[in-house]
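Please read them alongside the sequence and the coordinates.

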Amino acid sequence: MASTPSGRGRTRIHVVSDVHGNARDLARAGEGADALICLGDLVLFLDYADHSRGIFPDLFGVQNADRLVELRTARRFEEARELGARLWAGVGEDRAAVIERAVRGQYAEMFAAFPTPTYATYGNVDMPKLWPEFAGPGTTVLDGQRVEIGGWVFGFVGGGLRTPMRTPYEIGDEEYAAKIEAVGEVDVLCTHIPPEVPDLVYDTVARRFERGSRALLDAIRRTRPRYSLFGHVHQPLARRMRIGATECVNVGHFAGAGTPWALEF
């Protein structure tokens with residue numbers, strides 16, 4: 001890769017995750033960088049900080065969004081699903097069709113905001129089947145694959161593991177581990193979810209442990225990448241830590257912060 005826009009002869013990568021509808025800041029996220037990496041979760045179904053934003057409140061109102069967040073935060077997932085089922089029963093269209101139409105609208109805006117080049121993988125709330133429709137020639141989508149940027153090898157694994165939340169792109173542990181294995185040894189391992197380490201998976205605001213990957217943790221210890229980059233946990237107990245030779249970094253909740261994490265080498 002050529003030198004950075006600053007002319008320092010080094011490569012600068014900006015990394016974002018958990019964009020959740022923040023197209024305005026996404027359009028500026030690549031400024032001053034040679035490339036942008038996006039670790040997924042472009043879709044905004046429900047903003048836990050502002051219950052008026054997202055697909056759910058657009059359809060069912062803020063009061064129902066308040067109730068859904070209350071139930072999920074209390075881990076009363078069965079009651080949350082019952083609430084959702086009652087609300088969707090009153091919609092005159094197929095649920096999947098309504099959601100897909102709303103997601104298409106968000107994707108059109110999000111993918112249009114990506115700079116060139118962008119390297120992206122899926123988050124757990126994303127719908128991978130729709131990405132080929134919106135990813136332009138400047139956006140490379142990777143999942144269980146590798147790419148060279150600036151002389152370093154970057155590996156990408158998207159999606160999340162199965163949870164009671166039942167978000168759109170949750171997969172089984174074995175399938176996820178197979179993607180980690182397919183990536184192999186890399187300089188930078190880019191995933192949506194973190195390795196299974198308590199300080200990295202605990203969300204201090206939601207007051208719960210999110211799902212991290214044991215296979216990812218094992219791969220970090222075994223292959224010793226320079227960096228492990230991820231998102232998913234919006235307010236982690238620890239944003240970064242070292243595991244052996246690897247610097248593990250939660251690149252931040254882009255929907256809230258609006259600024260990318262920078263890697264220069």
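With which residue does K129 form a salt bridge, and how far apart are the closest N and O atoms?

1. K129 pairs with E100, and the closest N and O atoms are 3.1 Å apart. A salt bridge here is a side-chain nitrogen of Lys or Arg within 4 Å of a carboxyl oxygen of Asp or Glu. The model is a predicted one, in which local features need pLDDT of at least 70 and side-chain atom pairs count only at pLDDT 80 or more, while totals for chains, interfaces and linings use all residues. Residues are numbered from 1 along each chain as its sequence is written, and side-chain values use heavy atoms, with hydrogens and water left out.

2. The K129 pair ties together parts that are 29 residues apart in sequence, because K129 lies in the loop between β3 (118-120) and α6 (131-134) and E100 in helix α5. Helices (H or I, at least four residues) and strands (E, at least two) are DSSP runs, numbered from the N terminus. K129 is exposed at a relative accessible area of 58%, whereas E100 is buried at 18%. The cut-offs are under 20% relative accessible area for buried and over 50% for exposed, with partly exposed in between (1.4 Å probe, protein chains only).

3. Salt bridges with shared partners link E100, R104, K129 and E133 into one network. R104 belongs to helix α5 and is partly exposed, with 27% relative accessibility. Beyond residues up to four places away in sequence, R104 touches L130, E133 and F134; contact means heavy atoms within 4.5 Å.

4. The model holds 20 salt bridges by this rule. Side chains of opposite charge can pair when their charged atoms come close. Among the bridges is that of R53 with D47, whose closest N and O atoms are 2.6 Å apart. R53 is partly exposed at 32% relative accessibility, and D47 is buried at 14%. Another joins D218 to R214, with the closest N and O atoms 3.4 Å apart. D218 and R214 both sit in helix α9, 4 residues apart, or about one turn of the helix.

5. Which residues have the most contacts inside the largest nonpolar core? They are V16, V19, L26, L42, V103 and Y107, in a core of 56 residues. Such a core is a set of buried Ala, Val, Leu, Ile, Met, Phe, Trp, Tyr and Cys residues joined through side-chain atoms within 4.5 Å. At least two residues each come from several elements, including α1 (23-26), β2 (35-38), α2 (55-60) and α7 (173-183). Helix α5 gives the largest share, 7 residues. V103 touches V43, I55, M127 and L130, when residues up to four places away in sequence are not counted. Apart from this core lies another of 20 residues, among them L142, I149, F156 and F265.

6. The largest pocket has a volume of about 1,300 Å³. A pocket is found on a 1 Å grid over the protein atoms alone, as an open set of points where a 1.4 Å probe fits, with protein on both sides within 12 Å along at least five of seven lines. Its volume is the space filled by probe spheres set on the points, which are joined across faces, edges and corners. The lining comprises 49 residues (those with an atom within 4 Å of a point), and Y48, R72, V125, M165 and T167 lie nearest the centre of the pocket. The elements giving two or more residues to this lining are α3 (62-73), α4 (77-89), α5 (95-113) and β7 (160-161). By class, the lining has 25 nonpolar, 11 polar and 13 charged residues. Ala, Val, Leu, Ile, Met, Phe, Trp, Tyr, Cys and Pro count as nonpolar, Asp, Glu, Lys and Arg as charged, and the others, Gly among them, as polar.

7. Most residues other than glycine have a negative phi, and most peptide bonds are trans. A cis peptide bond joins T116 and P117, with omega about 0°, and P117 is in the loop between α5 and β3. D18 has a positive phi near 55° and is buried at 1% relative accessibility; D18 lies in the loop between β1 (12-16) and α1. D41, in the loop between β2 and α2, has a positive phi near 60° and is buried at 2%.
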